[in-house]
Amino acid sequence: MKTLLTDEDAQVSLEFILLAGGIIVGALTIFTLRDSLKNFAQVISDWVEAERNLTIAKVTR
C-alpha cells in the first residue's frame, strides 16, 4: 500500500514538473518571438487591406 501511494505521488510530481516546464517554455517562446509575431500580424493586415482594395476596385469598375 505504501509503495502505491509513493508511486502516485511521484507520478503527480513528475506531471506537475512537466506541466510547469511546458508553461515556462511556452511563455519564453512567446516572449522571445513577440516582435516577429507583431511583424507577421502587420504583414497579414497589409495583405488583407490590399485584397480589400482590389476587390473594391473590381466591384466599382
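Student: How many aromatic pairs does the structure hold?

Tutor: Rings of Phe, Tyr and Trp (its six-membered ring) pair if their centres lie within 6.5 Å; planes under 30 degrees apart count as stacked, over 60 as edge-to-face and the rest as tilted. The structure holds zero such pairs. This is a predicted model, in which local features need pLDDT of at least 70 and side-chain atom pairs 80 or more, while totals for chains, interfaces and linings use all residues. Residues are numbered from 1 along each chain, and side-chain values use heavy atoms, without hydrogens and water.

Student: Over which ring does the charged end of Arg34 sit?

Tutor: A charge sits over a ring if NZ of Lys or CZ of Arg is within 6 Å of the ring centre and within 35 degrees of the ring normal. For Arg34, the ring is that of Phe31, with its centre 4.3 Å away.

Student: Is Ile44 buried, exposed or partly exposed?

Tutor: Buried means under 20% relative accessible area, exposed over 50%, and partly exposed in between (1.4 Å probe, protein chains only). Ile44 has 37%, and is therefore partly exposed. Of the chain's 61 residues, 0% count as buried.
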